[in-house]
Amino acid sequence: MAPTKTINAPAASTTLTSRPITSRRVDSGSSSIDRGMLTPVPVVLADSPAAWVSHPGGPWRERPASTKRCPTRGAPPASRSGLSPGLEGCLPGAGVAQRPVEAASQPCRRAAVVYGWGMVSLPGRRTPRAEGSRSPLWLPPTVGGVVAFAAALLLARVRPAPGSPAAGLWPGDVNSAATALQAVATTSVTVTTLTFSLTVVTLQLASQQFSPRLLRRYARDTAAKSVLTVLTCAFVFTITTLSFLDTKNPVPGLALVTSMVLGVASLAAVLAYLTHIVREVRVDSMMQGVHQETATAIGIFYPAHDDPRPHSPDEMELDEAAGVTVYATDSGFVRLVDVHALVECARRRGALVRLNTRPGDLVIARSPLATVWARAQGAGPPEPEADGTAAEINAAVTLGYERTLDQDVAFGFRQLEDIAVKAMSPGINDPVTAAAAVGHMADLLVRLADCRLGPIVHVDGDGEPRAIVPDRDMRYYLDLACGQLKRFASREPTVLAALLRMLRDLAVVVHDREHVDEVRRAADAVRNALSPAVSEADAEQVHDLHRRVLIALEGHAMRAYGDRSGETRSV
């Protein structure tokens, strides 16, 4: 194999964007390409100067695969099995693992146990999730209150003898102690009310101005849970200690000092929460939070573009007439798909299960959920209702009346698209915010270009196909990112130009002809959405960026990005 060549840019180059890659490589011996056809492409990295790498040009071509951000890239084949919906994007498979092996994922930073190709089980059989804190808002304060009550019961019984060093912890009498405790308790209740008021105002602002689907972020906000926990602890500890005060016994000095410390901690927590909420209410912070969770979901649940498993279930030549349909027993959005459970269910019965829904889809009870085929030789038609297969398939698909980002990457795009569409509403009219949201979607699309999209075939430890899980393709994501916004922004060339910049960034990194055609189709749709009412001078920016997208698709990245003063990169 010929050596891989990477040429570093001069040290004066500036690092601009946050691509999560470390280099781009082209194998000079992978194909018979004339070096005269190579075009320099600028690749801007997150933590290093810009690099310049050559890749073949042409109307479509195999792009050099970017170095994946995974610490196990160099692991032996037995420890590099693909994962789905586990850690496929990090661990491209090279063969079937003969036994469970330990692997680590950089995006999720948690250990996973891999079963064969594509089966993952985190410790405790928990499905990996992309979202952050998942405990309900009431749970941490409740636990904190119980702990504070128990601590107060113990410390209130510790009463130092008069004249002992511990008696000096509280120099006052019982009346002064009662007054101090009452002040701490009253302050805790007041500050708790203030915290709730700030949270409600923030939720209302986020729902009305940005997207009602952003409310999940604040319901899972770790800072809000922490502050409410501190306030609850202070109140419960204080009133419990207050009930133990009496004039016949010495004051519980240790409990009183602890109450004072909790009172000061409550004040500090509220000040920190004010700072946090001011930062979180900014639209840039909201978009960054959605962006990070979506990028984590992509890194966890999508396999690499060069994943060795079958690229399409069509290669299995399934007989649709021989399949038996399994119907859903409940309604709701698909939140989680337990692939390990599906594979084990199919393996025990010698069957193949193909889901007809994917994370994010709305499923209605008694609608088709999956199809089952018998795979064992000489086996008759499957009977999923009679042998319990239908019940196990329904149990493996978690439904709920609210979408989540656990395995639903499209939900992250939906939230960013909502922010952009709301920004273009007549009551707000903020094209710069819309363009910023498009920039976040551009980075996510570039990440998806390095992944295998579409349905994935999962096999058991013996390499036998057992489950087919559908997923979304590049056309779906491009329609989601461009569809609504291009209609609402038809009279605003600034936003249409931002969409074309996004497609230009994607055009530089797409891997195959299908994606090239989809990018071209999306670019034509954005250009055609431009309203005739826009002046010719304003429309020129849109037409110019459309031409640049086509140039990038032909492999001439420098021509696509070259401009006079950064006008094709900035808003």
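Two residues are in contact when heavy atoms of one lie within 4.5 Å of heavy atoms of the other. By this criterion, V438, M441, L445, L448 and A449 of helix α11 meet M474, Y477, L478, A481 and L485 of helix α12. The structure is a predicted model.

The class make-up of this α11–α12 contact is simple. Ten residues are nonpolar, none is polar and none is charged. Helix α11 covers residues 431-449, and helix α12 covers residues 474-488. Their axes come within 11 Å and cross at roughly 170°. Angles over 145 degrees count as roughly antiparallel. Helix α11 is therefore roughly antiparallel to α12.

On the α14 side, the contact involves V516, V519, R520, A523, D524 and R527. On the α15 side, the partners are V542, H543, H546, V549, L550 and L553. The contact of α14 with α15 has seven nonpolar residues, two polar residues and three charged residues.

Helix α13 spans residues 493-509 and has 17 residues. Its length was checked against expectation. At 1.5 Å a residue, α13 should span 24 Å. The C-alpha atoms at its ends are 25 Å apart, which agrees. Burial was examined next. Of the 17 residues of α13, 15 are buried, so this helix is largely enclosed by the rest of the structure.

Two loop residues have positive phi values. R366 is not a glycine, yet its phi is about 75°. R366 lies in the loop between strands β10 (362-363) and β11 (368-374). A residue counts as exposed when its relative accessible area is over 50%. R366 has a relative accessibility of 75%, so it counts as exposed. N429 is also a residue other than glycine, and its phi is near 55°. N429 sits in the loop between α10 (409-423) and α11. Its relative accessibility is 52%, so N429 counts as exposed.

Confidence was considered last. The protein averages a pLDDT of 77. A score of at least 70 is reached by 75% of the residues. Over residues 1-127, pLDDT stays under 50. For residues 1-127, the model has 297 contacts beyond four places in sequence.

Notes:
Residues are numbered from 1 along each chain as its sequence is written. This is a predicted model: local features need pLDDT of at least 70, side-chain atom pairs count only at pLDDT 80 or more; totals for chains, interfaces and linings use all residues. Side-chain values use heavy atoms; hydrogens and water are left out. Helices (H or I, at least four residues) and strands (E, at least two) are DSSP runs, numbered from the N terminus. Ala, Val, Leu, Ile, Met, Phe, Trp, Tyr, Cys and Pro count as nonpolar, Asp, Glu, Lys and Arg as charged, and the others, Gly among them, as polar. pLDDT is the predictor's confidence in each residue, from 0 to 100. The expected span of a helix is 1.5 Å times one less than its number of residues. Buried means under 20% relative accessible area, exposed over 50%, partly exposed in between (1.4 Å probe, protein chains only). Axes are lines fitted to C-alpha atoms, for helices over the stretch in contact, and angles run from 0 to 180 degrees between N-to-C directions. Angles under 35 degrees count as roughly parallel, over 145 as roughly antiparallel, 65 to 115 as roughly perpendicular and the rest as oblique.
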